Amino acid sequence: MRFIYVYDPLCGWCYGFTPVVMQFQQLHSGTMEFDILSGGMIVGDNRHPFSTMTAYIQREHTNVEEMTGVKFGNAFLEKLLPSEEIMDSEKPSVALTVFKTYEPENAISFAHDMQHALNYDGLSLNLDHTYRKLVRKYGLPEDEFIDRLHDEHLRYETNQEFQLVHNWGITGFPAAILDTGKQLYLCARGYTPLDRLQQTVDNIIEESNRL
């Protein structure tokens with residue numbers, strides 16, 4: 001069994017769902033493989049300044065907080081959000097690709113670290129030094145990590161990941177897929193509480209065992 005979490009580093013609802021996925025991973029770490037893929041929500045011509053999303057995010061972030069329990073920090077809401085900083089999913093997605101070459105088992109945790117750095121601490125995910133701070137927690141070689149963040153091969157791999165997610169027909173985030181070894185099943189679309197996620201996965205496994 002493989003659980004595939006499909007997310008985007010700039011997605012506010014993903015920020016709320018990642019802790020659920022981390023809890024689910026803790027519950028099933030001995031019996032299930034876990035992977036995380038980046039969806040490429042804001043790349044290429046879709047890139048735009050945070051300020052163009054200010055009104056929408058100022059409204060929506062309270063819904064995310066109330067439903068999921070995560071908190072958005074003033075550094076994000078009052079400084080980064082109204083700024084001309086460009087929203088771009090590619091660099092943090094490449095950072096996740098790089099991280100998976102070191103510690104794939106901790107990739108979901110690292111994804112959440114990036115989300116917290118953005119949405120609570122108001123740090124730019126476009127800047128190299130943000131990642132220095134984040135990888136220090138894992139004891140990874142900082143200079144090497146930053147070098148690999150600019151590796152064209154890893155950038156290509158990341159864009160192939162975007163394409164895979166697109167080919168699956170997933171255009172909204174977060175989402176999750178359960179790979180039973182026989183078939184892929186969509187087990188979450190949008191924010192899903194832990195109990196509902198567990199029930200859906202149990203139902204899929206039961207159905208798969210009958211086939």
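Predicted model: local features only at pLDDT ≥ 70, side-chain atom pairs only at ≥ 80, totals over all residues.
**Exercise 1. Describe how α4 packs with α8.**

Solution. Two packed helices are described by the angle between their axes and the distance between the axes.

Step 1. Helix α4 covers residues 90–102 and helix α8 covers residues 152–167; they pack at an angle of about 105°, with axes 9 Å apart. Axes are lines fitted to C-alpha atoms, for helices over the stretch in contact, and angles run from 0 to 180 degrees between N-to-C directions.

Step 2. This angle makes α4 roughly perpendicular to α8, a class that spans 65 to 115 degrees (under 35 is roughly parallel, over 145 roughly antiparallel, the rest oblique).

Step 3. On the α4 side, the residues in contact (heavy atoms within 4.5 Å) are Glu90, Ser93, Val94, Thr97, Val98, Lys100 and Thr101. Their partners in α8 are Leu154, Arg155, Glu157, Thr158, Asn159, Glu161 and Phe162.

Step 4. By class, this contact has four nonpolar, five polar and five charged residues. Here Ala, Val, Leu, Ile, Met, Phe, Trp, Tyr, Cys and Pro count as nonpolar, Asp, Glu, Lys and Arg as charged, and the others, Gly among them, as polar.

**Exercise 2. Characterise the largest pocket and the second largest pocket.**

Solution. A pocket is an open set of points on a 1 Å grid over the protein atoms alone, with protein on both sides within 12 Å along at least five of seven lines; a cavity is a set where a 1.4 Å probe fits but cannot get out, and lining residues have an atom within 4 Å of a point. Points are joined across faces, edges and corners, and a volume is the space filled by probe spheres set on them.

Step 1. The largest pocket has a volume of about 460 Å³. Its lining comprises 28 residues, with Leu10, Cys11, Gly12, Met41 and Ile42 nearest the centre.

Step 2. The largest share of that lining, five residues, comes from α2. By class, the lining has 18 nonpolar, nine polar and one charged residues.

Step 3. For the second largest pocket the volume is about 150 Å³. Among its lining residues are Trp168, Ile170, Ala175 and Arg189. β6 gives the most to this lining, with three residues, and the classes are six nonpolar, three polar and one charged.

**Exercise 3. Identify the residues that line the largest cavity, and classify them.**

Solution. The structure holds one cavity of 30 Å³ or more. The largest cavity has a volume of about 40 Å³. Leu10, Phe50, Glu85, Ile86, Asp88, Leu118, Ser124, Leu125 and Asn126 form its lining, which divides into five nonpolar, two polar and two charged residues.

Terms used:
Residues numbered from 1 in each chain as written. Heavy atoms only, no water. Helix = DSSP H or I, 4+ residues; strand = E, 2+ residues; numbered from the N terminus.
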